[in-house]
Amino acid sequence: MFTFTMRRLLLAIPTLLFIALVIFLLLELSPGDPMADMPLTIPPEVRQQMRLALGLGEAWYVRFYSWLYLFSVVEPSHVMANMTGLEWLRVEGPRIISFQTRSPVADIVAQRLPQTLWVVGLSYIFGILLAVPIGIYSAYRQYSWFDQAGTFVSMVGFSLPTFFTGPLLMLIFSIWLGWFPIIYDTTLVVDSFYDFGLQLRQMAMPVFVLTLYNAAQITRFMRASMLDNMTQDYVRTARAKGMTEKVVVLVHVLRNSLIPVVTVIALGIPTVFTGAIITEQVFRVNGLGALLITAIYASDIPMVLTLSVVFAILIVLFNLIADILYAVLDPRIRYD
Amino acid sequence: MPDGATPVLDVKNLKTVFATRSGEVHAVNSVSFHLRPGELLGVVGESGSGKSVTMMSLLGLLPSPPADVREGSVMLGDRDILQMGAEDLRAVRGREVGFVFQDPMTSLNPVFTVGFQIMEPLRAHMGMTKAQARDRAVDLLELVGIPDARRRLDDYPHQFSGGMRQRVMIAIALACDPKVLIADEPTTALDVTIQAQILELVKELRKKLGMAIIWITHDLGVIAGIADRVMVMYGGQVVEQGPVREVFADPAHPYTRALLRTMPKLHGEREPKLRVIEGQPPILGRHPTACPFSARCAHSHDRCTRENPQRRDIGQGHDVACFWDHRGATA
C-alpha cells in the first residue's frame, strides 16, 4: 500500500504540471484584457507601461516558469508561515499578485476559504449524515411509504437545480415570511450569541439548498448499493446463523454497501473547496466559487490560474484518497 | 413413526406459495417428512422440484414477500418453528439447526475475516467471550480439516479456495453443535475431487458429532454413498420416500425409476446414449389437481390427470405417491 501511494504521488507531479500548462495556455488563448477596466483617458504609452509592469511583456514560457516557481515555492512558504507563525519559513520576494485587487492571491484565497468551508462544507456533512441513514432504511424497507417518499424527495432534490431552489426559498422565507436575510453578510463577526444567531440565520438557506442537493445524490447511491447487497447469498448465511436483523443489515450488508458510497463521497470533497459556484452567486456568499467567477469576468489571469490548479491538485489528491479507501474497506483489493 | 425413535424434526403438510406477477406459484405442496436423531436424509429431485425452498421454508429464510409459508407445521422436538416469534426463531437458526448453502464462493461475507464469521454465532448463541469464541473457532477449523487454523482465522474468504470455503461454511454451521444440519447442494459448485473430500468430511463429522443431516442433491450417487433414507421430490411434492436400499432396489414411482435409469453406468453393458427423462418439469401455477409427473409419465392414465395421488405406505418405511402398482407391473 505504501509503495502504491508513493508511486501515485510521484505520478501526480507530471500530471499536475501538464494540467497547469494546459490551463495556462488556455488562458493565454482566451480573449479579454486585464487593462480593459482602466479608464480610457490613460494614454496608450502609459497603458503599455502598466502592461509591462504586470509582467505581460515576457514570453509565455517565462511567465509560466515564474508562476510555477511562485506557486510551488513562495506561496506555500507564506501560507505555512501564516498558519504556524514561524517567520523563518517565509521565502522573501515577489508574490503571485491578483490583477484585480493587486494583493497576493494566497491572501485572498485565505480570506475566502472560511465562507466556502462553512456553507458548502457544512452542507456536505449534513448531506452525508442525512443520506446514509435514509438510504439504508429506504433499501431495507423497499417500496414502503418511507422509501417512496424518500425516493421522490431525492429525485426532486437531484433534478431541481440550485439556481431554482435558491430563489424559491428566498421568495418564500425572505420576502414572504421574512425569516432569513436574502444576502449573506461576509463581514459579520461572530463574537456574541446574538451574532451567532444572525450567522445561523444567514447560513440557513444556502446550507439547506446545498444539503438537499448533496443528500439527494448520496441517498440514491446508498439505497442502490444497499439493494445490491441485500439479495446476496452471504446475507442469507448471516440470517441462517441466527443473527439479528440489526446485525444483518447494519454489519453485514452495510459494510459491503459502504465501499462504493465512501468512494463517491471522497471524490466529491474537492467540490466542497471549489465552492458551489452557482449557489454562492445566488446567495451572495463571498466564497471561492464567487471568487473564481469574478476573476474570470475580470481576466484576472493569475487568480484564475492559481485557483484552477489548486482545484486540480485537490481532485487528483482525493482520487488517490478514494483509491486508498477502496483498498482499506475491501480486503479483496490489494495494490501491491 | 415406523421405528420408534422420536424424530428431531417432523414436518407436516408444509405449503409454500410464491406471489408472482402471473399469479401464485405453489413451490412446496403439502410436503411431510421427518428426520430421526443421527439420521442422514437425502433429498433428490431436479432443479425446481422444491428441495431448497422446502428447507428454507423450515427456518423462514425465504424473503417474504414474495414467499408465503402458508400451512403446515415444523416440529423441532415439541416446538413448532413456524409458530415462533422472531427471537425464538433466531435462537433456532444457527443454534439448533445449521445450514450449509450451495455456493461457497458467495455465501461468505467478503469483507469480514473467516474468524469473525465463525465467531459470530458462538458469541450470539453461546454467550462466549471473544477469547473463548476464538479458541472454539480454531477447534472448528481444525475439525473441518483446515491446516494452520489459528493463523487462518484472520484471513478473508477470498484467500481460501472453493473447497476450503465450503469447509468454513460447514464449520460455521456446526459452530453451536446443532441437532440438525441442513446441507443444500453443498458440493454442486465444487469439482469432483473436492466433492469427494467434502463427502468424506461430512461422513466423518457425522460419526464424531452424531447430528442428524438433511442432504439435498441432484446426484443419486452421493445419496447411495452416504444417506440412510432418501426422499424424492418432484413438482413441489414428495413422490417417494424410504430407506436408501429399498428405494434403489425397488423404486416405486415412475419418476424415481426414470431418475435411476438416467445414471450412466461405469460397468456392464455400455449404452449408446445418455438416458434422459423426456419433457419438462411442470409449472407450478395452479393448485395441483393432477399428478405433477403425469405429463411425462409412461404409466399415466385418466385418473392421474384428474386426481393428485396421496402418499401410500408400501412397507418397510417405504412410501410412494402414485396410483400405479409397480409390483404388479414388474411381477
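Tutor: A patch joins residues with over 30% relative accessible area and no salt bridge: like charges within 9 Å, nonpolar side chains (Val, Leu, Ile, Met, Phe, Trp, Tyr) within 5 Å. Areas come from the Shrake-Rupley method with a 1.4 Å probe, and only the protein chains shown count as cover. This is a predicted model: local features need pLDDT of at least 70, side-chain atom pairs count only at pLDDT 80 or more, and totals for chains, interfaces and linings use all residues. Residues are numbered from 1 along each chain as its sequence is written, chains are lettered from A and ligands numbered from 1 in the order in which they are written, and side-chain values use heavy atoms, with hydrogens and water left out.

Student: What is the area of the nonpolar surface patch that includes A:Trp179?

Tutor: Find A:Leu171, A:Ile175, A:Trp176 and A:Leu177.

Student: Is A:Trp179 buried, partly exposed or exposed?

Tutor: A:Trp179 lies in the loop between helix 6 (162–176) and helix 7 (193–230) of chain A. Buried means under 20% relative accessible area, exposed over 50%, partly exposed in between. A:Trp179 has 48%, so it counts as partly exposed.

Student: Which residues does A:Thr219 touch, not counting residues up to four places away in sequence?

Tutor: A:Thr219 sits in helix 7 of chain A. At 7% relative accessibility, A:Thr219 counts as buried. Contact means heavy atoms within 4.5 Å. By that test A:Thr219 touches A:Ala131, A:Ile134, A:Gly135 and A:Ser154.

Student: How far does helix 8 of chain B reach from its first C-alpha to its last?

Tutor: Helix 8 spans residues 192–209, which is 18 residues. At 1.5 Å a residue, 26 Å is expected. The reach in the model is close to that, at 25 Å.

Student: What arc do the buried residues of helix 8 of chain B cover around the axis?

Tutor: The buried residues are B:Gln195, B:Ile198, B:Leu199, B:Leu201, B:Val202, B:Leu205 and B:Arg206. They lie on the same side of helix 8 of chain B, because the arc they cover is only 160 degrees.

Student: Which exposed residues are on the face turned away from that buried side of helix 8 of chain B?

Tutor: The buried residues pack against strand 3 (40–44), helix 5 (130–143), helix 7 (162–174), strand 8 (212–217) and helix 9 (220–226) of chain B. The face turned away carries the exposed B:Thr193, B:Lys207 and B:Lys208.

Student: How many residues apart are B:Glu204 and B:Lys208?

Tutor: A salt bridge needs a side-chain nitrogen of Lys or Arg within 4 Å of a carboxyl oxygen of Asp or Glu. B:Glu204 and B:Lys208 meet in one, at 3.7 Å, N to O. About one helical turn separates B:Glu204 and B:Lys208 in helix 8 of chain B, because their spacing in residues is four.

Terms used: Helix = DSSP H or I, 4+ residues; strand = E, 2+ residues; numbered from the N terminus. Buried < 20%, exposed > 50% of the residue type's maximum accessible area, 1.4 Å probe, protein only. Expected span 1.5 Å × (residues − 1). Arc of directions from axis to C-beta.
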